[in-house]
Amino acid sequence: MPENLDPRSQVLVIGGGVAGISAALDLADQGHHVYLVERFPSIGGKMAQLDKTFPTLDCSICILAPKMVEAARHPRIELLTYSEVVAMSPQNKGELFQVTIKKKARYIDAKKCTGCGNCAEICPVRGISNEYEVGLKETHAAHIPFLQAVPSTYLINEEKCLHLNYGICGLCSKNCKAEAIDFSMKSEEVTVVVASIIVATGFDLMDISSLKNYGYGKYSNVLTSLEFERIMSASGPTGGEIVRPHDRKHPHEIACILCVGSRDVCSKPYCSKFCCMYSAKEAIITKEHASDTEILIYYNDIRAPGKYHEEFIEKAKKDYNVKYIKGLPNKIYEHPETKDLIIRNVDIKTGQVQFQKVDMVVLYPAVVPSKGMKELCQILGIEQDEFGFIKTLPDNNIETNVPGIYVCGCAHGPEDISTSVAEASAAAAKAASRTSVVKTEEIKIEIPEKVISPDDPPRIGVFICHCGSNIAGVVDVEEVAKEMEKLPNVAYVERNLYTCSEESQNSIKSAIDEHDLNRVIIAACTPRTHLPLFRATCREAGLNPYLVEFASIRELVSWVHMAVPDKATKKAKEQVAMSVAKSRFVVPLQDIEVEILPSTLVIGGGISGMTAALAIAKKGFKVYLVEKEPQLGGLIRNFKELSYDGLSTATIIEKMTEKIQADPHIEVFTSSVIKNVEGSLGNFHATIQHDDKETLIDVGTVVVAVGGHEFKPEGYYLYKKNPNVFTNLEFEALLESGQVKNGEALAFIQCVGSREPQGRTYCSATCCGTSIKNALKVKEKFPNSNIYIFYRDVRVSYTEELEYRLAREKGVNFVQYDASHPPVVREDQNGLILEVQDSFTNDLLKLTFDKIILATPLVTSEENKKLSEMLKVPLDSNGFFLEAHTKLRPVDFATDGVFLCGTAQGPKNVQESMSQALGAASRALKLLMNGKAIVEGITASINEEKCIGCGICVEVCPYGAMSLMEIDKNMGLHKIKVLKARINVGICKGCGACVPECPVNAIDQNNFTRLQISKMIETLIDF
């Protein structure tokens, strides 16, 4: 443990999954010392076990591994894997926490272990169930959890080791060249004192062996979703080949059964949130492996409320012909000889029993609290909800009943990766608010950089990744390697199973030293997520990071040419050879350091903007909060209560407004708009317009927290034509003002203007919950009211599931309609007539109502387009702002220094909006607390002698980095004024737009020079 550190600068993060890693990195980057505790021998959590992630189908471990390695390398993060918290006591009246952590003995010294794997190869104790492979593969007593494990240190299973239990064997010790085996190791306890604690313990899956009707554990071809995930994974027990466990044959009919144990009053009454999306993803991947496979998905409701989730489900249906069957099977039988499975279910429309034969069944179990949650909560003194997850405060998902202890991700209930990562940053912001750190102290690790002279012959190292079978399953990697060995200046070629693993990073560093490499080529997946990792590795080996080139042979080759492996192999050779050709002419570049002004502009004064402003100001930074309306609060000012349990909107807004008004660091501009924004990371210049007055401000970071507004459905269901047709928001005001009478017949119609084939294709996430809340409020006030909710799928959150059940119990009628046959509304002398075909019974219903309430989506403002152009940040197809990465950077833009949160990113509820706002604040604080940032040295460069000052580059630069300046030029006896182009390297993003536009070739692009590109083209032509 580090000595002489102020406990108020330290934070404990419990759980090393993606949420825990993200929280730890945010805090460490802000200058805190972080203890990251994980009970498993490696960090990574459940995400490390996944094959791909929805909705982008990114390789899960590929996008997670760089973050795992980054956490292990970070000088302010102390990894405590294979460890558990065993005691906690508050100190200084709860201002600090003293925590005791038990570190289990690995019996292998992490400082000596080289990760060679000899101990596992020679270990005679085999047949141990592999936890990472969920029992589908066996491991040895000496083993590593998985090949990309961090730390990449082997360990010995104490219960199975012959030497530890019987004093015999010891082969691993005798054959370990590093002398890392230490049978005398003992578990030890360490004590730390921290200012805050974050619980990010993730989730487990319910043990469904007790659900006898599905045959899990009895029938070999019945799997859980996680087991199926490992089977389809390139790094899994079958190398990504989808086969049945029983006979290793390819299944041609697969049934996916959702809600196994969840949404069940006899088991887990809540929804597990991500199973619908998870099953669609697995179905799509399966169809990509074998297009002739028939996939059947049995479901209750399809729940796809996240960004691009609805579109992903529709893609599964239309592009991959995945068949969705409403209703869950009640029994599965196994054919005694073939081991095929027969599914019995009831056709909801006909009421008849049906039998469906399939080759394999995949069950999607309920998400449950992680193992040891009850004991951990008792140690920490935090409350659990009725289902065993951590109970959070009513107005947010981050705070627990113990001040200073926070929670994120699935520790407080089922969440997907995107939400978990955003909440991790939110928890980091909350944890940081209790610490003494306000300025990040620089940690300098001096690594002498190898001097590369222009006269030095290139010595190129080529590292080719198998990526399990992601690449090697299509591309003949060995043939590519042999071809590269023949190329001039290639001094070393190495193939790695996973080049992004910690073990491979160490191998790259060793190779640079041993073979005196001065150029490195990485042939792997994508530079978008991985290039920074490899650059950092080479920097640690003393090599300038801009001498690293990346050949994308997964995204550009294996994934797009699966059906033609020979041609894919040829293309892979061409890709790597072009990188080698370019590499001969790359030169060292230097990163550019920019100063960060200690202030932030928050655009939008709704709940998200207010939350972000308060979090940033709490650390002492100036915040300019701009809201276009006369009052702060945004859209939710129109709601009286946010939930059926009475969470008052007014109370939340009033408290936050009071805090903002009292905070000297926050300057509020209401009835104001952003007229213009210029500049870049660290130094943005904004013009705020209020009536006829303009205020100029300079800020270091920007947070976009603009909200949306309720869609007004003119042209739908007589809206604006009949006075008794309202939107949900209008109806709430009606209910509040006493204009709803007892005994009235009310109809709520869901998905009005959303989930459409064209236009607003998205689900608005909150509409079902709002309609149910309003229906319950009416029933509470007027029990005799006759209420119907007409829906396509009921989409409610973890906590709203109980309200949905309560609504049914109180007599609210739910009628499902098909999108192809929506309700029809007309009026006559008796009132509003609604006709609809009930999807369950196929009956045509004709009902009369006094009022009809339309659930319409959140839509964006036209101002979003103007703002996106000013900030140089993109919008998605629905007009919401587009984040940098849906999973790993959900509150970042690709444009540095600009962040987003709340409904600026997409429809979401208030708690999610507040969590995202805290997350955006945390990301901004990382820059503000550092006071400076590093931007890439890949910028344009100008040859002043050639420049004719035409100004074309100024016109085409999308970032405003180019300008024209007058300079004096000697003309014999006279000096004249001439225009020359200048580039602000702090603003330049290296996009290269100016290079081809220059009529005299006066501009070139560092790291993508004309010479380098021409050599790549020549190589491709000659190859």
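Modeller: The expected span of a helix is 1.5 Å times one less than its number of residues. The model discussed here is predicted.

Biologist: What length does helix H2 reach from its first C-alpha to its last?

Modeller: Helix H2 covers residues 60-73 and has 14 residues. At 1.5 Å a residue, the expected value is 20 Å. The helix comes close to that, and its end-to-end reach is 20 Å.

Biologist: How many of the residues of H2 are buried?

Modeller: Buried means under 20% relative accessible area. Among the residues of H2 below that cut-off are Ser60, Ile61, Cys62 and Ile63, and Lys67 and Ala71 are also on the list. H2 is mostly covered, and the count of buried residues is 11 of 14.

Biologist: Is Arg73 buried or partly exposed?

Modeller: Arg73 lies in helix H2. Residues under 20% relative accessible area are buried and those over 50% are exposed. Because its relative accessibility is 25%, Arg73 counts as partly exposed.

Biologist: Which residue joins the side chain of Arg73 in a polar contact?

Modeller: Leaving aside neighbours within four places in sequence, Arg73 is in contact with Gln505, Leu533, Ala536, Thr537 and Glu540. One of these, Ala536, is 463 residues from Arg73 in sequence, yet their C-alpha atoms are 9.8 Å apart. The polar contact of 2.3 Å links the side chain of Arg73 to that of Thr537.

Biologist: How many residues apart in sequence are the parts that Glu310 and Arg795 tie together?

Modeller: Glu310 and Arg795 form a salt bridge, with 2.7 Å between the closest N and O atoms. Glu310 lies in helix H8 (residues 309-318) and Arg795 in the loop between strand S40 (786-791) and helix H20 (800-809), so the pair ties together parts of the structure separated in sequence by 485 residues.

Biologist: Are Glu310 and Arg795 buried or exposed?

Modeller: The cut-off for a buried residue is a relative accessible area under 20%. On that scale, both Glu310 and Arg795 are buried.

Biologist: What is the relative accessibility of Asp516, the salt-bridge partner of Lys450?

Modeller: The side chains of Lys450 and Asp516 meet in a salt bridge at 3.1 Å, N to O. Lys450 lies in the loop between helix H10 (417-432) and strand S25 (460-465), and Asp516 in the loop between helix H12 (502-514) and strand S27 (519-524), so the bridge ties together parts 66 residues apart in sequence. Lys450 is partly exposed, with a relative accessible area of 24%. Asp516 also counts as partly exposed, and its value is 45%.

Biologist: How many salt bridges does a search of the whole structure find?

Modeller: Some are linked in a network, which takes in Arg244, Asp247, Glu253, Asp340, Lys357 and Asp359. Another joins the side chains of Glu835 and Arg826 at 3.3 Å, N to O. The search of the whole structure gives 62.

Biologist: Which residue of S44 is the bridge partner of Ile833?

Modeller: Strands S42 (residues 824-828) and S43 (residues 831-837) run antiparallel and are joined by 5 bridges; in S43, Arg826 has Ile833 as its bridge partner. S43 also pairs with S44 (residues 844-849) in the antiparallel sense, over 6 bridges. There the partner of Ile833 is Thr848.

Biologist: Which residue in the turn between S43 and S44 has a positive phi?

Modeller: S42 and S43 form a hairpin with 2 residues between them. S43 and S44 form a hairpin with 6 residues between them. In the turn of the S43 and S44 hairpin, the residue with a positive phi of about 70 degrees is Asn842.

Conventions. Residues are numbered from 1 along each chain as its sequence is written. This is a predicted model: local features need pLDDT of at least 70, side-chain atom pairs count only at pLDDT 80 or more; totals for chains, interfaces and linings use all residues. Side-chain values use heavy atoms; hydrogens and water are left out. Helices (H or I, at least four residues) and strands (E, at least two) are DSSP runs, numbered from the N terminus. Buried means under 20% relative accessible area, exposed over 50%, partly exposed in between (1.4 Å probe, protein chains only). A salt bridge is a side-chain nitrogen of Lys or Arg within 4 Å of a carboxyl oxygen of Asp or Glu. Contact means heavy atoms within 4.5 Å. A polar contact is a pair of N or O atoms within 3.5 Å; within protein, one must be able to donate a hydrogen and the other to accept it, and residues adjacent in sequence count only if both atoms are side-chain atoms. Two strands pair if DSSP finds at least two bridges between them.
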